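This report goes through selected features of one protein chain. The sequence and the model are shown first, and the description follows.

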Amino acid sequence: MSSGIRGAVALGVSLWSLATSAAVEGPGKEQFLQAARATGSIQVDGKLNEDDWARAPVFDGFVERYPAAGRTPSEKTELRILYDGDMLYVGVVARDSEPSRIDRRLGRRDSAPYSDTIHVLIDPTHDHRTAYSFSVTAGGVQSDGLYYDDRYYTEDWSGIWAGASDGVEDGWVAEFAIPLSLLRFPEAPVQTWGFSVRRDIARKNEELESVDNPRNHNANVSRLGHLTGLENLQPRGRWELMPYLAARGLARPQFSDASRPAPRLLSPSMDVGLDVRAALTSQLALAATFNPDFGEVEADELLLNLSTFEAYFPERRPFFTQGMELFQPVGMDVGGAPLALFYSRRIGLDTPLLGAAKVTGSVGGVQVGVLDALVTGPWQARDEASPDRNLRFDWRRPLHLGAGLELPDEPSATTHYLVAVARGKVGAGSRVGGAVAMANPLSGTCTAEDAALEDSQQPASCRGRGGLAGALDFDLKTADSTWGVYGMMVASRVDGGPPERVLADGTRLQTGDSGVGGYLRAGRFGGEGLRPEVGVDVATPKLSLVATGFQRSQNEVAPRASLRYARPNGLGPFKALFANAHAGGKWTADDRSEHRVTWFNLYASATLPSFDTLSVETGLDLNGYDVRELANTGIPLERPDRMFVSLSGETNPNRKVSVEGYVALGHRFQGGPSAPAWDWGGEVTLSARPHPSLQTELSVGNDKTDHGPRYVETLDDGRFLLGSLDSRFLSLTLRQQWVLTPRLTLQGYAQLFTAHGTYGPFFTATSDARRSRIRLDSLTAVAHDDDSSFYDTALNVNVVARWEYQLGSTLFLIYSRSQQGLPEPEGERPSATLRPRQLLAGPANDAVMLKWSYYWGV
């Protein structure tokens, strides 16, 4: 248990010497671009016809970044920079020898298509780790994002700024006006910022940059050039207020019984809310939201999860996506990390979010972030035969007006969330940090007697999940950022909720219990050629981050090793080439040290001369024992050995019709009385752009998996009943976008999903009081009436009309539909088909919403 953690710490300490010199600036350290002060007004129209632009210094020393790093570009690019007391202006003339072939396809704000684009990167604090990115396409589509930890990029950051594009006889022009209040910078007589400009030439798949910054480095921000000459600028405080008003009509079934889809009731409601952004100091920014509404956000993807692990869903709500990079696990995003202290989807999905605020920035050179949120739980006992249709306010949700019938009929816990992060530099490019996260249910104490009640009768105090967690993390790199070590060590304590609960592996988790864990990766992360890497993940049995974070598993020690071969700038006929070999194992972290699996994986990917990409992957799982399968007992159940091979590909995305997808073939080997079986699956996505303003995307996913023996139930005599499970699903997803202008768009989304699973033949298994392993060859065949098979079909539809009627202010008209299939009559065997049987006859929720917001900056 603790030996794995001690080993991880020892490895981190031994590799500290690799990083003490820290990352240093690249070739851009000698490059200084001069900005000129504007004396007149600048109109952002993509023309650069003001006199100030003619007086600004011109820089044209761009370098090809991809596909041939360091080569002289095939097209000329001219850069000019102006500033005044309020704005930074950037003007770029992208010369082109074939102007008729410039890709000007359209998209909506923050969803730019792959096309000819200019990106401006700014590191105003000059910390070599964080840079804002502002982009304008040749079609005039704006987007923005943030580079953080030197090498990672997120599109989640968003700001209010102006951009425009226009054509010239031999190319096109991009013009930017970026408010200085959007950029945090220190007080100084002359500002010197990290800075570069990138240009994408879509038809050539070329990427150019104003500084030599090739893709093969494990760094980005630290290799930018410099922008200087910005004199007598004062950090500007700014408040941005965005109130909104939303009116919604919801048609929903009167009864919760899915077999009674009619009658349906109309439930109107209205919400008011406010989003606030402010520059508290030159180094700290505030974002707050009160009664936020996220009705315009696309529904989660429907999927079939038959594992014993929680499925991860990406965050789409704007408040929780913007400015959250500091809260991510070091070296990874939440979905890819074995442990994450903060997973924002814990907040406000089941109970309304009353309000939240976050402060991010730096204090004394230390990056800091604090997030505070409160969710409330209004509810009322429901009489479905006589629903409460009266409109009312509830003190627990004071900015919402709605009917009583829309309230949940079971109590939920009002919960306070708090997350705080601080990270400081080691040298110029490495850093260490710490974080704490807390979920505090405010609904009293759940007693053992309360927890023993049926779920529908338990009070709110038993429904909350509270806890406290802390972490130390580090990201250390050598001077050239090629070698490094990063990781995180965490500890948790469980508070709130039922006094005891049993986890999937049989661990009894009581209030006050604590656990520890972490992960570590060390190796060569940049450069050409071989990149060795080692790592380990550790989670003790009682480590629990689920109150505030995301945790794929607990009770696990998982060492791993990788050998990668990377040629991001190409090799021979290939524009890029990658090959990886991985191996690892998993054991329980308790005193038993049960072996969970040994796995191997090979992967190779090549970008062809046509800029199409092909990849192949194969993997093998051996000698596995699952301690989570048998009904919270922790008894290890042997799993059949498995192997798979998959082929994936993606055509050049700048074509009018592009395709990406994968196909996989798997084999489950003989497992006791369970015969070997073949699995298959795949997904293909077709994207068509018949016109620059239209895009249609159709995805088809299909999967057939033979799981082998799975747990069904525990019999009265203590034996376990298992059934071989064969599952299948079919998913059809359509996305349609019509861009009238970059600020006026219509988007449609629809997913049709069907899944079924069939159990049989059936077996029984037994273990002893010591929870000894159950081998598959010890299973005994038994006759059993199947009552565990399932069939589901569902349809999600979302249509959003979005009009940004002035900068930062929007009007949304949204229609959504959530439809489930009519369940099979009781006693009938579920259908084993992928046709959407009885879909339109089933229960459905239809909602129409009009949402207006107004941007006010002072």
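Strands in this report are DSSP runs of type E with at least two residues, numbered from the N terminus. The model is a predicted one.

**Asp394 and its strand**

By that definition, Asp394 belongs to strand β21, which covers residues 391-394. Asp394 counts as buried because its relative accessibility is 16%, and the cut-off for buried is under 20%. A polar atom of the Asp394 side chain lies 2.8 Å from the backbone nitrogen of Arg396.

Strands of a sheet pair through backbone hydrogen bonds, and the pairing can be parallel or antiparallel. In this model, five strands make an open sheet in the order β2-β4-β5-β11-β10, and the pairing is mixed. Its edge strands are β2 (36-37) and β10, each of which pairs on one side only.

How many bridges join strand β10 to strand β11? There are seven, and the two strands, residues 162-168 and residues 171-179, run antiparallel. β10 and β11 form a hairpin, with two residues between them.

**Salt bridges**

Side chains of opposite charge can pair when their charged atoms come close. The structure holds 60 salt bridges.

| Pair | N to O distance |
|---|---|
| Arg109 and Asp110 | 2.6 Å |
| Arg423 and Asp473 | 3.0 Å |
| Glu240 and Arg277 | 3.9 Å |

Arg109 has a relative accessible area of 10%, so Arg109 is buried. Asp110, at 33% relative accessibility, counts as partly exposed.

Glu240 and Arg277 form a salt bridge with their closest N and O atoms 3.9 Å apart. Because Glu240 lies in strand β15 and Arg277 in strand β16, this pair ties together parts that are 37 residues apart in sequence. Glu240 is buried, with a relative accessible area of 5%.

The side chains of Arg423 and Asp473 also meet in a salt bridge, at 3.0 Å from N to O. Arg423 is in strand β23 and Asp473 is in strand β25 (residues 466-477), so the pair ties together parts that are 50 residues apart in sequence. Both Arg423 and Asp473 are buried.

Salt bridges also link several residues into a network, made up of Glu75, Asp96, Glu98, Arg101, Arg199, Arg203 and Lys204.

**Val419 in strand β23**

Strand β23 (residues 415-426) also holds Val419. Is Val419 buried or exposed? Its relative accessibility is 3%, so Val419 counts as buried. With neighbours within four places in sequence left aside, Val419 is in contact with Phe327, Phe342, Gly369, Val370, Leu371, Val436 and Ala437. The C-alpha atom of Val419 is separated by 42 Å from that of Ile774, and these two residues are 355 residues apart along the chain.

**A nonpolar surface patch**

The surface carries a nonpolar patch of about 990 Å². Residues that make this patch include Trp239, Leu245, Met270, Leu280, Phe290, Leu399, Trp852 and Tyr854. Strands β15 (239-253) and β16 (264-279) each supply at least two residues of the patch. Val272 is another patch residue, and Val272 lies in strand β16. At 35% relative accessibility, Val272 counts as partly exposed.

**Backbone details**

Which residues does a cis peptide bond with omega of about 5 degrees join? The residues are Ala262 and Pro263, and Pro263 lies in the loop between β15 and β16. Another cis peptide bond joins Gly760 and Pro761, with omega of about 0 degrees. Pro761 is in strand β43 (residues 744-765).

Leu48 is a residue other than glycine with a positive phi, near 55 degrees. Leu48 sits in the loop between β2 and α3 (51-55). Leu48 counts as buried because its relative accessibility is 14%.

Phe611 is not a glycine either, and its phi is positive at about 70 degrees. Phe611 is placed in the loop between β34 (595-607) and β35 (613-622). With a relative accessible area of 15%, Phe611 is buried.

Definitions and conventions:
Residues are numbered from 1 along each chain as its sequence is written. This is a predicted model: local features need pLDDT of at least 70, side-chain atom pairs count only at pLDDT 80 or more; totals for chains, interfaces and linings use all residues. Side-chain values use heavy atoms; hydrogens and water are left out. Patches are made of residues with over 30% relative accessible area and no salt bridge: like charges are joined within 9 Å, nonpolar side chains (Val, Leu, Ile, Met, Phe, Trp, Tyr) within 5 Å. Accessible areas come from the Shrake-Rupley method with a 1.4 Å probe; for residues, only the protein chains shown count as cover. A salt bridge is a side-chain nitrogen of Lys or Arg within 4 Å of a carboxyl oxygen of Asp or Glu. Helices (H or I, at least four residues) and strands (E, at least two) are DSSP runs, numbered from the N terminus. Buried means under 20% relative accessible area, exposed over 50%, partly exposed in between (1.4 Å probe, protein chains only). Two strands pair if DSSP finds at least two bridges between them. A polar contact is a pair of N or O atoms within 3.5 Å; within protein, one must be able to donate a hydrogen and the other to accept it, and residues adjacent in sequence count only if both atoms are side-chain atoms. Contact means heavy atoms within 4.5 Å.
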